[in-house]
Amino acid sequence: MHVSPLETNVKVRNGRIQITKTTKANIVMRLVLWALLLFTLIGPFFLDYGTITWSTAISLTLGNLKMMFLEPAFHQITFATALKQISMTLALAFLATILGAVISFFLAIFSAKNLVPSMVSNGIIAFNSFIRAVPTVLWVLIFAIVAGLGAIACVLGMMLHTIAYLTKAFAESFEELEEGTIEALRASGANWWHIVWHAVVPQSSSYMVSWIFLRFETNYGVAVAMGAAAAAGGIGFELFMASSFYYDLHEVGMITYCALIVAIILELVSLRIKRKLMAKS
């Protein structure tokens, strides 16, 4: 079949010929991206800056950044207090992640299309899509109406979004299981739960651990933000107080560094766990 040159794009990369077919979807996507780039570039020129003196604004901004990141210091709180608040933030993220992971596992079993009828899986998938479409902060604020501002609303909101996120991730890993393994177990007389515990779980455990830790990192960042937005406490609340209540930029910088160091440690631990899991698999 002859293909018009206008419909394909031929590229040579790393000694390999790559042929990309141009479709209407690709054209629309490119137009949207170019339009967004254009609006981003010309947008600042249409803003009303009023009586801003650029030299003064730039000088003050650089001075604030210098105080935050080059002269960090604790004034209102101590280093021990900061560690305690970071531990509380980690505890909120850990609790939301663990509770969400346990519930997600059972929901994922009933949403994997190779394990249950499509009617059941499609219903759970639709519900999870709705949960994921709403940002975590909105779920936290919704629970705050019922439970009040604090750690409970923070954990419930993060847990609900974690359930929707991990259910999708777990179900996709379950669906990658070879159909021959499931058929062999069914032929040998194994029931549905035997298939789950003796085939699905062992072959998907490494993926589940990886996804759980990835979500834990995400929940840590969310817990920092919710410490201020939902009065959940932790290092996020101290950051809010330092930046808005008594306005100490030196302390803002130190708190930011502490939160960043913990995030880096979590990332290093995550990479080590992934390497071990890949080595085992």
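## Basis of the model

Helices (H or I, at least four residues) and strands (E, at least two) are DSSP runs, numbered from the N terminus. This is a predicted model: local features need pLDDT of at least 70, side-chain atom pairs count only at pLDDT 80 or more, and totals for chains, interfaces and linings use all residues. Residues are numbered from 1 along each chain as its sequence is written, and side-chain values use heavy atoms, with hydrogens and water left out.

## Annotated domain

An unreviewed UniProt entry places "domain: ABC transmembrane type-1" at residues 86-273. UniProt positions follow the numbering used here, feature names are shortened, and annotations may be inferred rather than shown by experiment. Residues 86-273 are 85% helix and 0% strand. The end C-alpha atoms of the span lie 22 Å apart.

## Cysteines

A disulfide is a pair of cysteine sulfur atoms within 2.5 Å. The count by this rule is zero. For cysteine 154, the closest cysteine sulfur is in cysteine 258, at 19 Å, too far for a bond.

Burial is set by relative accessible area: buried is under 20%, exposed over 50%, partly exposed in between (1.4 Å probe, protein chains only). Cysteine 154 is buried, at 0%. Cysteine 258 is also buried, with a relative accessible area of 10%.

## Backbone at tyrosine 247

Most residues other than glycine have a negative phi. Tyrosine 247 is not a glycine, yet its phi is positive, about 45°. Tyrosine 247 sits in the loop between α9 (235-245) and α10 (249-280). Its relative accessibility is 52%, so tyrosine 247 counts as exposed.
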